[in-house]
Each structure stands twice: as structure tokens, then as C-alpha cells.
Amino acid sequence: VWQSEEFDKHEQVCFFSDEATNLRAIVAIHSTTRGPAAGGTRFKSYASDDMALDDALRLSRAMSYKSALAGLPVGGGKAVIIGDPRELKSRELLLAFGRFIDRIGNVFATGEDVGFSVADVETMFEVTPYVGGMSKGAGDPSIHTATGVLHGLRAVAEFRLGRKSFEGVKVAVQGLGSVGWRVARQLHEAGAELIVADIDPEKVTKAQNDFHALTMETDEIHAAQADIFCPCALGGVITMTTAPQIRAHAVAGAANNQLASPEAGAMLAQRNILFAPDYVINAGGVISGVEAMQNMPGRKKIDMAPLEDLLESIYGRLLEIFVRSEKENRTPEAIAQMIAQELIREQPLEEYA
Ligand code: NAI
């Protein structure tokens, strides 16, 4: 898998197994050019080991790009534990995994992800310092993700709608969870008009009361008559079926992997609907979690801009992507990827040792 054309070259890929606990894990380190690699641990069943490796390679590269675009002095990596966490997860397995992570040393730190909780990370911390995102860190990442999304929405409103404020801007928010609720509240406070949808009727009623929001069905809100469609629930919402139905001038929200396919992204571009690449606009959580990387044992302390400045830089990064996308006539996704590769190739930060 990992020699396939699709992938950049990864710096290091490790396979671990521990018979006593049935642990089988893969750690992929895509790049440490900009700093030690960071990336969560995904614990899930895969149809084959090849698919697990494929996930580790793909997700670690995505982490390199996400961190570089967020201006962070860290690289990208990812860990995958193969198997159903409900059957396999035990304290002994987590400690065995922690010891393997410790063996890799100060080029990689990991944290929570699908199937892997903050409590699991805290168990690993008993045997390795190379973990992050624990409860005593920067706090609930969704707060910072929401702030970052607001900065991104400012760039979208300015570039696509020619608006310097949200006063009277219509935004359709899909999903009123930890991130979506905060985004909706801040937009309301800034004078935006909201249309919302959530599978939880209580949240919808509360948004009607608190934000005077209009409501739509969850599977129709993408087609709302709005200026911006803001997906904050599930991934894969932009498909070849939904893309032609979107009436908004832009799609920009927190949900991961919004484009179900590159074709769906191309369809948005064709219809002159501006797309904010999700891993750029939703980087606030990763930005806030990276504090933990600043003091990795055996490394020079990493100098980083204050959290607020890093979150605000999402605005500038998106504008840069939009301007280049227009000039070079390529999708914002393609431009974001190019900028990330340039940042990794051409702007390695200081030497860490
Ligand atoms: P959450 O679980 O707190 O909220 C999701 C909300 O969407 C819930 O209110 C749920 O009822 C609703 N929902 C579920 N299915 C729906 C549907 N079909 N239509 C409308 N609403 C639906 O999750 P959270 O943390 O707010 O994350 C939202 C999205 O943002 C996810 O895609 C997540 O991967 C992504 N994200 C979150 C980050 C964070 O810091 N929490 C960071 C980066 C991305």
C-alpha cells in the first residue's frame, strides 16, 4: 500500500504487536520537517490490515497538512490500533501501546481520536510522556474549533459576499453540537440570520428561542436559501446529489471530510460556490491541543504564537487559499494541498534536537 503513487513518502512507519493483550498497532509518521509529529490514535476494526495501513498513511499525511496550514511548528503522524475497542480495550493493552509509543521517542506524540478517549490517553501517560490533549490542557477543543470557524466565516463573507460583518448575513447551520451551537450563538450575536437543523428537537427549539432561528429538516438544510451553508454535523454531506441543490454562495463549516468525493468539490467550483477546505477552517481544536507538544522531553521548547493569534490566522490562510484558487483556477482543496506541501518543503522551521 504505502508504495502506491497516491501517497507521499512517509518518514517512518512502525508495526507493533503484543501477544499478551492482542494489541496490533501501526504508527505512521508522515513528516517531522516542521517539528515533532502529532496525531491521534484511532482504535477500530478494519476489513484488512492493508486498510488499516492505508488509514494510518492517509490520516498522518492529513495531519501534516493540517498543522502546516495552521502555522504550527509540528509535523504529522497518526496511530491506528486494529480491532474493536469494545472487545479489545484493556488497561494492559493501553499500557503496552504506551510503551511502544515511548519507544518511538520524541518525534511523535499522540492523543484521542475515534475509539480512543482522553481517559485512555491519561492511562498511557503512566508509561510515556509522548501524549497530549489530556483534561488539564487547553480545555474543551470544541470552544477553540468554534472560534476558528468564526474567523474562517469572516474570510468567506468578505471574499464571496463582499461583507465586512455578519449583520444580516443568512447562515444555515447543520448540527447544533459542541461546535455548531457555539458557532450559531456567535453568529447570532454578530447579527447574522440563522436557519438551523439538528436531529435533536430540543436543540432546535432552543435555537428558535435563543437565536430566533428558522428551522429546516436535517436532510434539506443544505438546500436552504442562505448566503452560507455551514455543516457542523456529519462528514460526506457534499455529494453529487446534494451539490447541485445548494443555493448558498459558500459552504464553510466545522464538519470533517465534508466532500464525499473530489467530483463533488469540482461541482461546487463549477457552480461558483466557494468551499472552505474543512481541515483549514476546523483547525482550532488541533491548534489548542498542540500546546502539549511545546515541552516534549529531550527537545528544545517550541516557540509558538499565542492561541488567539493562531486561531485568528485561519482567516488569513483561507483568504490566501481563495485568492490563489481564483487566480490559478483550481479548487480551494487543491490549492490548500499545494500550500501545505510548499510549507513542508520550503519552510522547515528551526532544527529540533
Ligand atoms: P457533536 O457530537 O457535539 O455535535 C454534532 C451535532 O450534530 C449533534 O447536535 C447531533 O445531534 C447533530 N447531528 C447528528 N446527525 C445530524 C444530522 N444528520 N443532521 C443534523 N444534525 C445532526 O460534535 P462536534 O464536536 O460539535 O463536531 C461537529 C463536527 O465537527 C464533526 O464532524 C467533527 O468531526 C467536526 N470537528 C469537531 C472538532 C471539535 O473540536 N469538536 C474539531 C474538528 C472537527
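Domains first. The domain assignment gives domain 1 (12–124) and domain 2 (141–283 + 318–336); such bounds come from an automatic or database assignment. I looked up the contact between them: five residues come from domain 1 and four residues from domain 2. Two residues are in contact if their C-beta atoms, placed from the backbone, lie within 7 Å. On the side of domain 1 that touches domain 2, I found four nonpolar residues, no polar and one charged. Here Ala, Val, Leu, Ile, Met, Phe, Trp, Tyr, Cys and Pro count as nonpolar, Asp, Glu, Lys and Arg as charged, and the others, Gly among them, as polar. The domain centres, taken over C-alpha atoms, are 30 Å apart.

A note on the source. This is a predicted model: local features need pLDDT of at least 70, side-chain atom pairs count only at pLDDT 80 or more, and totals for chains, interfaces and linings use all residues. Residues are numbered from 1 along each chain as its sequence is written.

Next, the hairpin. Helices (H or I, at least four residues) and strands (E, at least two) are DSSP runs, numbered from the N terminus. Strands E1 (residues 12–18) and E2 (residues 23–31) run antiparallel, joined by seven bridges; pairing takes at least two DSSP bridges. Phenylalanine 16 stands opposite alanine 25 in E2. Four residues lie between the strands, and asparagine 22 has a positive phi near 60°.

Last, helix H5. What follows it? I found glycine 162, with a positive phi near 65°.
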